[in-house]
Amino acid sequence: MFCWYYGGQIPTQFYLILTTEEAVTGSKASSYYQKIVTTLLFEIRLFSNASYGYPAKIGNCGTGTVLTIISGGPPPSIWSVVMNLRRPNANEATGTVNRSRDVVPMSGICTRCMDGCKGNCEIWLSSFRGREVLYPGPFGEITTGADKNYPIDYSHLNIQGYAVGAKGLPEGIDIGPDTAVFSAVNTETEYGWGRNVKMRLPIFTGALGSTEIARVNWEHFAVGAAISGITIVCGENVCGVDPGLRLDSKGKVVESPEMDRRITTYRKFHEGYGEMLVQMNVEDTRLGTAEYVASKHNLDTIELKWGQGAKCIGGETKVKSLERAIELKKRGYIVLPDPLSNETLAAFKSGAIKEFERHSRLGFLTREGFFEEIDRLREIGFKRITLKTGAYSMVELAMALRYGSEARIDLLTIDGAPGGTGMSPWPMMNEWGIPTFYLQSLARDFCEKLLKKGMRVPHLAMAGGFSDEPNVFKALAMGSPYFRAVCMGRGLMIPGMVGKNIERWITTNDLPKSVSKYGTTVEQIFVCYEELREKYGSRISEIPMGAIGIYTYAQRFKTGLQQLMAGSRNFRLSTISRGDLMALTEGASKVSGIPYVMEARYNEAMGVLLD
Ligand code: SF4
């Protein structure tokens, strides 16, 4: 809604451009805009200590009206803006808010904290709901991404554009304006140590595991990934939390209807591009998940999980019923509070405890253990083994790259902080781990060192906060030639959920205006529907609308990526290089090694200018 700033200049004016939803006329207009502007001014003051004046025009505003908010004082120093990167103690993620408009930046406590306050900061709520407040909610209905404002991210890079050349067009083509069109850009990628997997786009899903949001949306996500030609990652603990799980006398999986459903749903529309990976953690290994998916489903690829970007403890979910909490505890999970203790039973009975947390264990990595596990999985019959690591320290990153190289793994996904999640502790999400931009810069540097040592580096994917094609382009360019794809968690889940909800709204005749302005039928609403009907014929009825949402988003992503690639004269992904980027800040240049904007291609320019 308004321009924002980082580091550099603080703008002396903001423009508030009203969209259809925000355009209100008549008697309510004045107070409506007063509220928006007051909130806006508060936000601005919060971050910059600047004072800005109310716009002159504040009533009877229609769509597209521009309200100009002008600074009432001198711009604040840059230092005051970047000093604090996150204010704790209140966030929509935890359903909390400060009572006061003035808040101490580091503590997040209101400058005037009142005895008698009726809420609703995190400390206030934690005073009677305790550990519940650690988690974003409501569980099963949301995903969250931490909003700590790390000093450097991919917005500190820009993509070079050129007026000459075209790299990567098929051999023999006469290069010119008629052949080098952006729709001719090839966005296909592949990964693997030898038996490679092709994908139509350089993106794949985050790990959709045992969280409720992954379970209820799986059909949409899986079919959407299959028809879009990308890989889907089935996360950890799916067998372990399956209510229909049957174990043998040794505690190994003999039947998991939920895992069966996940694999068969993806395969129904799989067309040779992308694949389904199943992730394993400590509990999955104990339960024999790998043996089950290999023997029953002949799955090609398994993923070892060391960690993720959102947290540095094991995966977790919430459990609402006492019976289920006891069942999961008996299956070997850590369930807190202990559903078998007398005090927990009493608190659950009285209604004070309404839910339980099911946690996975921490892993303990050793070189020997890793290679033994790789050998075991290859003996079980997996053709490919991938590894996912989190935003751990440099040492664990070095371990992942070095061990991964020696073990000839097929893909290493490196997930930076903060990462998105269906359930992770909110403070941990914000405050742990190496942020994505820094982690990828380190990873690339380590790859160069391994290469110099004569070692082959496995194909890499980056994860942790990606949602659009420009940042995917930047990650592939910055990490070239090692990075083959980007793992996109929440960004690929949203279209699945939007499509699913449109289906529901059509059925209940309850389409919101934001959708119904495009039409009221599936044919009118989804721009790609007829294209899919042409391709799949009568099978179109088997494709859930969430999948159509993912496909439609994938087509937008593809077109946007093709445009960026054509502008930088790259007609296939393998020609994208670090030279296609410039750093907009010296800090980003120092971290990434990408030349600062005033130095990028300077010598070449001087050659043209002065030769
Ligand atoms: S208890 Fe109330 S007044 Fe005190 S910091 Fe929390 S929200 Fe603010």
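**Reading a predicted model**

Tutor: Keep in mind that this is a predicted model, and let us start with Thr421, which is found in strand E19 (residues 420-421).

Student: Is Thr421 buried or exposed, and why?

Tutor: The idea is to count surrounding C-beta atoms, with 20 or more within 10 Å making a residue buried. Thr421 has 29 C-beta neighbours inside 10 Å and therefore counts as buried.

Student: Which residues does Thr421 touch, leaving out those up to four places away in sequence?

Tutor: Thr421 touches Thr143, Thr144, Ala310 and Met429.

Student: What is the strand order in the open sheet of nine strands?

Tutor: The order is E7-E21-E20-E18-E17-E13-E12-E9-E8, and the pairing is parallel. Strands E7 (203-205) and E8 (207-208) stand at the edges with a single partner strand each, so one side of each has no neighbour in the sheet. For E7, three bridges join it to the parallel strand E21 (residues 483-488), and Thr205 stands opposite Met488 in E21.

Student: Which classes of residue make up the shell around the ligand?

Tutor: That shell has eight nonpolar, two polar and one charged residues, and among the residues surrounding the ligand are Cys110, Cys113, Cys117 and Cys121, together with Arg99 and Trp124.

Definitions and conventions. Residues numbered from 1 in each chain as written. Predicted model: local features only at pLDDT ≥ 70, side-chain atom pairs only at ≥ 80, totals over all residues. Near = placed C-beta within 6 Å. Nonpolar A, V, L, I, M, F, W, Y, C, P; charged D, E, K, R; others polar. Helix = DSSP H or I, 4+ residues; strand = E, 2+ residues; numbered from the N terminus. Buried ≥ 20, exposed ≤ 12 C-beta atoms within 10 Å, placed from the backbone. Contact = placed C-beta atoms within 7 Å. Pairing = 2+ DSSP bridges.
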